[in-house]
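Have a look first, then we'll go through some questions.

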Amino acid sequence: QVQLVESGGGLVQAGGSLRLSCAASGSIFSINMMAWYRQAPGKQRELVATITSGDSTNYADSVKGRFTISRDNAKNTGYLQMSVLKPEDTAVYYCNANAKSTPVTRWNNYWGQGTQVTVSS
């Protein structure tokens with residue numbers, strides 16, 4: 001099993017920055033795709049950014065140019081650097097990882113518990 005723990009959320013003023021971290025632990029052989037999702041009150045969970053094991057990235061249009069996703073494979077940790085934050089970025093941010101525990105097990109999808117990001121105007 002793989003556990004994901006997010007950290008780095010909090011309250012910030014509009015225009016400010018935050019850096020989220022997602023630490024993976026447990027039985028990890030390999031992590032393929034890592035992603036960040038967010039869910040605002042009353043809304044569906046939406047994809048924010050993805051990064052492959054080869055560091056290819058993709059972003060939702062709403063965060064392009066403001067957010068940067070990265071990962072440190074040696075530490076099994078992913079990051080989301082958020083800049084020029086807006087009130088509409090307020091949400092619970094969830095880490096997601098596609099990982100396998102041994103060379104022969106299948107890839108499984110894992111979620112963190114979420115971290116709250118609140119942007120005040």
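Q: How much accessible surface does the chain have, and what share of it belongs to carbon and sulfur atoms?
A: This is a predicted model, and its chain has an accessible surface of about 6300 Å². Carbon and sulfur atoms account for 48% of that surface.

Q: What makes up the chain: how many helices and how many strands?
A: There are zero helices and eleven strands. Read along the sequence, that gives the pattern β-β-β-β-β-β-β-β-β-β-β.

Q: Why is the chain called as compact as a globular protein of its length?
A: Its radius of gyration is 14 Å, and the globule rule gives 14 Å for 121 residues, so the chain is as compact as a globular protein of that length. As for its extent, the C-alpha trace spans about 50 × 25 × 25 Å along the principal axes.

Q: What share of the residues in the chain is buried?
A: Of the 121 residues, 40% are buried.

Q: What share of the contacts with a separation of 6 or more comes from residues 24 or more positions apart?
A: That share is 56% in this chain.

Q: What is the order of the strands in the open sheet of four strands?
A: The order is 1-3-8-7, and the pairing is antiparallel. From one strand to the next, the twist averages 15°.

Q: Why are strand 1 and strand 7 called edge strands?
A: Strand 1 (2-7) and strand 7 (67-72) each pair on one side only, and that is what puts them at the edge.

Q: How do you know that strand 7 and strand 8 pair?
A: Pairing takes at least two bridges. Strand 7 and strand 8 (residues 77-82) have six bridges, in the antiparallel sense, so they count as paired.

Q: Why is Leu20 called buried?
A: Buried means under 20% relative accessible area. Leu20 has 0% relative accessibility, so it counts as buried. You'll find Leu20 in strand 3 (residues 18-26). Not counting residues up to four places away in sequence, Leu20 touches a list of residues including Trp36, Tyr79, Leu80, Met82, Tyr93 and Val117.

Q: How many residues apart along the chain are Leu20 and Gly9, and what separates their C-alpha atoms?
A: They are eleven residues apart along the chain, with 6.2 Å between the C-alpha atoms. Gly9 is also among the residues that Leu20 touches.

Q: Why does Ile51 count as buried?
A: The relative accessible area of Ile51 is 3%, and the cut-off is under 20%, so Ile51 is buried. Ile51 sits in strand 5 (residues 46-51). Leaving aside neighbours within four places in sequence, its contacts include Met33, Met34, Ile69 and Arg71. Gly78 is 27 residues from Ile51 in sequence and 8.9 Å away in space, C-alpha to C-alpha.

Q: Is Arg66 buried or exposed?
A: Arg66 has 10% relative accessibility, and that is under 20%, so Arg66 counts as buried. Arg66 lies in the loop between strand 6 (57-59) and strand 7.

Terms used: Residues are numbered from 1 along each chain as its sequence is written. This is a predicted model: local features need pLDDT of at least 70, side-chain atom pairs count only at pLDDT 80 or more; totals for chains, interfaces and linings use all residues. Side-chain values use heavy atoms; hydrogens and water are left out. Helices (H or I, at least four residues) and strands (E, at least two) are DSSP runs, numbered from the N terminus. Axes are lines fitted to C-alpha atoms, for helices over the stretch in contact, and angles run from 0 to 180 degrees between N-to-C directions. Buried means under 20% relative accessible area, exposed over 50%, partly exposed in between (1.4 Å probe, protein chains only). Contact means heavy atoms within 4.5 Å. The radius of gyration is taken over C-alpha atoms; the globule rule is 2.2 Å times the number of residues to the power 0.38. Accessible areas come from the Shrake-Rupley method with a 1.4 Å probe; for residues, only the protein chains shown count as cover.
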